[in-house]
Amino acid sequence: MTSHHAEHQAPGHTHAHGHADHDTELDWSALLPLLEQSAELQAPLYREAGQWLAGLLPAGTVRRVLDVGSGPGVLSCLLAEVFPYAEVVAVDGTPELLAAAERRAAEQGARVTTLHADLPGGMATLGEADLLWAANSLHHLGDQRAALAGFAERLRPGGLLAIVEGGLPQRFLPRNPGIGRPGLEQRIEAVHAEWFARMRADLPDAKDEVDDWRSLLADTGLVPSGSRTFLHDSPAPVTDAVRHQAVIQFTRFREAFGEALAADDLAALDRLLDPAEPLGLHRRTDLYWLAAHTVHTARKG
């Protein structure tokens with residue numbers, strides 16, 4: 001189980017979920033650059049979310065934080081900033097991503113350690129926590145209800161579970177980008193939604209749940225303590241880093257979903273990715289990046 005601090009911000013949902021060769025399998029080590037850059041660019045959003053969580057917990061009570069599905073540890077290090085007296089543990093199932101998290105923590109002098117665990121099987125190895133954070137990783141576990149129950153068991157009394165699921169699809173382009181038919185991103189989103197449903201169905205122990213996170217959290221015996229949506233807003237004109245992010249994301253759309261798109265949409269995508277195209281991603285002046293992530297919380301009584 002790996003998280004996608006970027007992943008909910010690439011194809012469609014939008015997840016940097018492009019497929020690997022086996023349709024719904026993901027090569028997380030190959031996604032490392034995208035995961036890192038996306039999380040870094042959205043750091044202000046996640047820092048704001050972390051500060052909101054800190055306000056839900058009594059000051060000074062957070063001694064151990066689990067970042068479950070940490071990926072390359074960008075958010076683990078942010079959590080270490082927000083909770084300076086806590087041990088933050090980056091938990092992931094991909095060794096290459098944990099190695100990246102260790103490098104980042106060392107460079108930043110962050111109090112972050114790593115733990116290799118494949119979930120749900122490795123749930124008992126996580127130990128206890130005052131805050132368990134799972135950002136866009138829960139939906140990669142087949143039985144989400146059972147996973148939430150497992151997370152709840154890890155919490156100390158008064159501890160908080162925070163999951164990032166849902167929000168809004170990201171957007172980079174105006175509705176009519178001047179290339180192809182208007183609404184290209186929405187059509188990519190529709191193709192991604194079908195891929196996401198297949199990805200979920202292919203997971204071990206897959207259960208079809210309504211995404212009513214408040215009810216699912218309450219069903220574990222935790223007390224829901226609020227949901228809040230945080231905005232990532234990079235308006236035009238964008239920085240070179242945001243432009244590069246858009247190019248990477250659309251390149252992944254092309255690789256992951258190209259075969260499922262109509263011929264004219266595929267042609268439009270190729271023009272958008274052409275560095276010489278005046279209306280392409282490399283040159284257009286109206287490129288922006290807008291996304292929203294929702295954090296759902298619940299407390300252990």
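User: Where does Leu 203 lie?

Analyst: Leu 203 lies in the loop between helix H7 (184-202) and helix H8 (213-219). Helices (H or I, at least four residues) and strands (E, at least two) are DSSP runs, numbered from the N terminus. The model is predicted: local features need pLDDT of at least 70 and side-chain atom pairs count only at pLDDT 80 or more, while totals for chains, interfaces and linings use all residues. Residues are numbered from 1 along each chain as its sequence is written, and side-chain values use heavy atoms, with hydrogens and water left out.

User: Why is Leu 203 called buried?

Analyst: Buried means under 20% relative accessible area, exposed over 50%, and partly exposed in between (1.4 Å probe, protein chains only). Leu 203 has a relative accessible area of 17%, and is therefore buried.

User: Which residues does Leu 203 touch, not counting those up to four places away in sequence?

Analyst: Leu 203 touches His 139, His 140, Leu 141 and Gly 142. Contact means heavy atoms within 4.5 Å.

User: What describes the packing of two helices, and which values apply to H7 and H10?

Analyst: Two packed helices are described by the angle between their axes and the distance between the axes. Axes are lines fitted to C-alpha atoms, for helices over the stretch in contact, and angles run from 0 to 180 degrees between N-to-C directions. For H7 and helix H10 (residues 263-272), the angle is about 115 degrees and the axes are 11 Å apart. In this contact, Leu 184, Arg 187 and Ile 188 of H7 meet Asp 265, Ala 268, Leu 269 and Leu 272 of H10.

User: How do the residues of this contact between H7 and H10 divide?

Analyst: Five are nonpolar, none is polar and two are charged. Ala, Val, Leu, Ile, Met, Phe, Trp, Tyr, Cys and Pro count as nonpolar, Asp, Glu, Lys and Arg as charged, and the others, Gly among them, as polar.

User: What makes a space a cavity, and how many cavities of 30 Å³ or more are there?

Analyst: On a 1 Å grid over the protein atoms alone, a cavity is a set of points where a 1.4 Å probe fits but cannot get out. By this rule there are two cavities of 30 Å³ or more.

User: Which element gives the largest share of the lining of the second largest cavity?

Analyst: Lining residues have an atom within 4 Å of a point. H4 gives the largest share, four residues.

Definitions and conventions
On a 1 Å grid over the protein atoms alone, a cavity is a set of points where a 1.4 Å probe fits but cannot get out, and a pocket is an open set with protein on both sides within 12 Å along at least five of seven lines; lining residues have an atom within 4 Å of a point. Grid points are joined across faces, edges and corners, and a volume is the space filled by probe spheres set on the points.
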